[in-house]
Amino acid sequence: MIGLKRFTMDDDREAFLWYLRLKSEIFLHEQGWSLAVDPKPNLAASDEADGKSSFVLACDADGSAVGVVRGTLLNDAFPHRDFLEHHLQRGGIQLDMSQLATVNSLAVVRELRGVPRDIAGRERPVTTGKALMCDLVDW
């Protein structure tokens, strides 16, 4: 059974450290992305949007983190805006930043990707990634 936990950087430091560990493990070490790293081993560095974001952590039955996702209201911060700038500069786009969010750092450990699992609070098995996304949107 996978459990989901909602948190912010300020209200649950332990969960936030799991987020940084998973981000380092999956994006940096497994996928080879270029990420800023924390001086502590196996932690990605926190970025400017983390303190303005909401997170959902997925944990297995023994309490180990197996997935995470971050959501940020665009009114508060706009992580990775540079990736979308060419779309934002096009005419005809009216954005109400108070009604939009960006979803980043969806990470699930390799062995659980694409595998439906029992998720606490859900009637039927779904993948960990889907459960994380749905819970973030419902928050």
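**Close-ups of salt bridges, a helix face and ring pairs**

Across the whole structure, a search turns up seven salt bridges, each being a side-chain nitrogen of Lys or Arg within 4 Å of a carboxyl oxygen of Asp or Glu. This is a predicted model, where local features need pLDDT of at least 70 and side-chain atom pairs count only at pLDDT 80 or more, while totals for chains, interfaces and linings use all residues. Residues are numbered from 1 along each chain as its sequence is written, and side-chain values use heavy atoms, with hydrogens and water left out.

**View 1. Lys5 and Asp12 form a salt bridge.** The closest N and O atoms here are 2.4 Å apart. Asp12 is buried, with a relative accessible area of 15%, and Lys5 is partly exposed at 37%. (Buried means under 20% relative accessible area, exposed over 50%, and partly exposed in between, with a 1.4 Å probe and protein chains only.)

**View 2. Glu30 forms a salt bridge with Arg110, and Arg113 meets Glu30 in one too.** For Glu30 and Arg110, the closest N and O atoms are 3.3 Å apart. That pair ties together distant parts of the chain, 80 residues apart: Glu30 belongs to helix H1 (residues 13-30), and Arg110 to the loop between strand E4 (101-108) and helix H3 (128-138). Helices (H or I, at least four residues) and strands (E, at least two) are DSSP runs, numbered from the N terminus. As for accessibility, Glu30 is partly exposed at 27% and Arg110 is exposed at 54%. The Arg113–Glu30 bridge comes in at 2.7 Å, N to O. It also links distant parts of the chain, with Arg113 in the loop between E4 and H3 and Glu30 in helix H1, 83 residues apart. Arg113 is partly exposed, at 34% relative accessibility.

**View 3. A salt-bridge network links four residues.** Its members are Lys23, Asp47, Asp50 and Arg70.

View 4. Thr128, Gly129, Ala131, Leu132, Asp135 and Leu136 are the buried residues in H3. What do the buried residues of H3 pack against? Their partners are strand E1 (3-7), strand E2 (54-59), strand E3 (65-73) and E4, with contact meaning heavy atoms within 4.5 Å. On the face turned away from the buried side, look for the exposed residues Val137 and Asp138.

**View 5. Phe16 and Tyr19 make a tilted aromatic pair.** A search of the whole structure finds five aromatic pairs. Rings of Phe, Tyr and Trp (its six-membered ring) pair if their centres lie within 6.5 Å; planes under 30 degrees apart count as stacked, over 60 as edge-to-face and the rest as tilted. Phe16 and Tyr19 are 5.5 Å centre to centre, with 40° between the planes. Both residues lie in helix H1, three residues apart, or about one turn of the helix. Phe16 is buried at 1% relative accessibility, and Tyr19 is buried at 0%. Ring pairs also join Phe7, Phe16, Tyr19 and Phe55 into a cluster.

**View 6. Phe27 and Trp33 are stacked.** Their centres are 4.6 Å apart, with 20° between the planes. Phe27 is buried at 7% relative accessible area, whereas Trp33 is partly exposed at 46%.
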